[in-house]
Amino acid sequence: MNIKIGFIGMGIMGSRMAGNILRNQQDREIIIFNRTQDKATSLINNGALWADSPKALGKQVDILFTMLSNPEAVTNVALGENGFLDTLAPDTLWVDCSTVHPSFSRKMAQETGNKQVRFLDAPVAGSKNQAENAKLVFFVGGDRADVKTCQSLFEIMGSKFVHVGGHGMGTSMKLAINLLLGTSMAGFAEGMVLGQALGISQEMLFNVLLGGPVVAPFVSTKKEKLEREDYDVEFPLRWMQKDLHMVATAANEVGVAIPVTSSVKEVYRLAMQQGLGQEDFSAIYSFLKEGTGN
């Protein structure tokens with residue numbers, strides 16, 4: 001049986017995720033769309049089929065993945081003038097891997113249900129390197145049977161998937177994780193800046209802090225970037241700020257106070273205003289360091 005897989009969103013993550021599906025085609029055909037076609041050139045050259053619009057793509061697929069920047073982008077490709085939702089056949093499965101907020105995922109589940117289309121929210125943990133090497137972790141919300149339908153594709157693109165619960169629960173887990181990523185990176189950067197201002201060498205701080213009990217393990221992977229102040233992007237700072245905004249939206253909806261995260265979100269926003277939005281989110285260290293005059 002020839003299964004047709006659609007993929008919309010050829011950014012840092014989506015292009016690599018789609019590439020892994022393409023390299024493991026077997027009895028699958030992959031059809032892709034991106035707002036700018038040039039980002040899809042490599043995949044097209046290697047056998048992916050191109051659709052001229054989300055609407056055109058939706059007519060052709062059995063399973064559709066989206067990996068987009070924010071709720072507005074998802075809404076546009078799904079429900080906009082050339083959106084795919086009206087063209088998906090009944091029982092088609094849409095898997096949204098975008099980082100949005102839970103109420104948005106539940107709204108999309110309702111929209112799809114009204115059209116007899118199935119839906120999963122399945123955001124991922126991991127950045128460029130994990131996407132490239134099929135080491136992503138998927139956090140999935142939706143019906144268990146739909147998760148089983150996608151299991152082989154999750155395994156092609158990642159090292160693990162977790163069925164967290166019903167619609168919106170995969171997104172909920174992703175927000176909790178990114179809250180910790182964003183605040184941990186900023187906290188570490190601030191500690192480094194303080195230590196250096198007090199006269200401790202950067203090398204000494206790295207040696208004592210990294211791998212110790214008070215620093216998140218992922219920070220060790222950022223050491224080379226911090227040393228060289230070369231923030232080749234793995235996960236853009238502007239998307240971290242966006243994700244923390246999604247956290248704030250979700251927290252507001254359920255009446256939870258997040259004063260620490262709210263403050264950190266604005267620090268990332270200030271860093272964006274200083275031109276660091278396209279850099280890796282570890283560039284928050286550079287922003288804080290420059291602010292001290294070091």
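Helices (H or I, at least four residues) and strands (E, at least two) are DSSP runs, numbered from the N terminus. This is a predicted model, in which local features need pLDDT of at least 70 and side-chain atom pairs count only at pLDDT 80 or more, while totals for chains, interfaces and linings use all residues. Residues are numbered from 1 along each chain as its sequence is written, and side-chain values use heavy atoms, with hydrogens and water left out.

**Stop 1: a loop with a positive phi**

Select Glu-229. Glu-229 sits in the loop between helix H10 (223-228) and H11. Its phi is positive, about 50°, although Glu-229 is not a glycine. Most residues other than glycine have a negative phi. Is Glu-229 buried or partly exposed? Glu-229 is partly exposed, with a relative accessible area of 34%. Buried means under 20% relative accessible area, exposed over 50%, and partly exposed in between (1.4 Å probe, protein chains only).

**Stop 2: into helix H11**

Now select Asp-243, in helix H11 (residues 237-254). Asp-243 counts as buried because its relative accessibility is 2%. Show its side chain together with that of Lys-242. A polar contact of 2.7 Å joins the two side chains of Asp-243 and Lys-242. A polar contact is a pair of N or O atoms within 3.5 Å; within protein, one must be able to donate a hydrogen and the other to accept it, and residues adjacent in sequence count only if both atoms are side-chain atoms.

Which residues does Asp-243 touch, not counting those up to four places away in sequence? They are Thr-99, Leu-175, Asn-178 and Phe-235. Contact means heavy atoms within 4.5 Å.

**Stop 3: H8 against H11**

The axes of H8 and H11 come within 9 Å and cross at roughly 125°. Axes are lines fitted to C-alpha atoms, for helices over the stretch in contact, and angles run from 0 to 180 degrees between N-to-C directions. H8 and H11 are therefore oblique to each other. Angles under 35 degrees count as roughly parallel, over 145 as roughly antiparallel, 65 to 115 as roughly perpendicular and the rest as oblique.

Color the contact residues. In H8 they include Leu-175, Asn-178 and Gly-182; in H11 they include Met-240, Asp-243 and Ala-250. The residues of this contact of H8 with H11 divide into eight nonpolar, two polar and one charged. Ala, Val, Leu, Ile, Met, Phe, Trp, Tyr, Cys and Pro count as nonpolar, Asp, Glu, Lys and Arg as charged, and the others, Gly among them, as polar.

**Stop 4: H4 beside H5**

Go to H4 and helix H5 (residues 102-113). Their axes come within 11 Å and cross at roughly 5°. H4 and H5 are therefore roughly parallel to each other. From H4, Pro-71, Val-74, Thr-75 and Leu-79 meet Phe-104, Met-108 and Glu-111 in H5.

**Stop 5**

Pick Thr-92, in the loop between helix H4 (71-79) and strand S5 (93-96). Thr-92 is buried, at 4% relative accessible area. A polar atom of its side chain lies 2.7 Å from the backbone oxygen of Ala-89.

**Stop 6: Leu-22 and Ala-134**

Finish with two residues. Leu-22 lies in helix H1 (residues 14-23) and is buried, at 10% relative accessible area. Ala-134 belongs to the loop between helix H6 (128-132) and strand S8 (136-141). Draw a line between their C-alpha atoms: Leu-22 and Ala-134, 112 residues apart along the chain, are separated by 12 Å.
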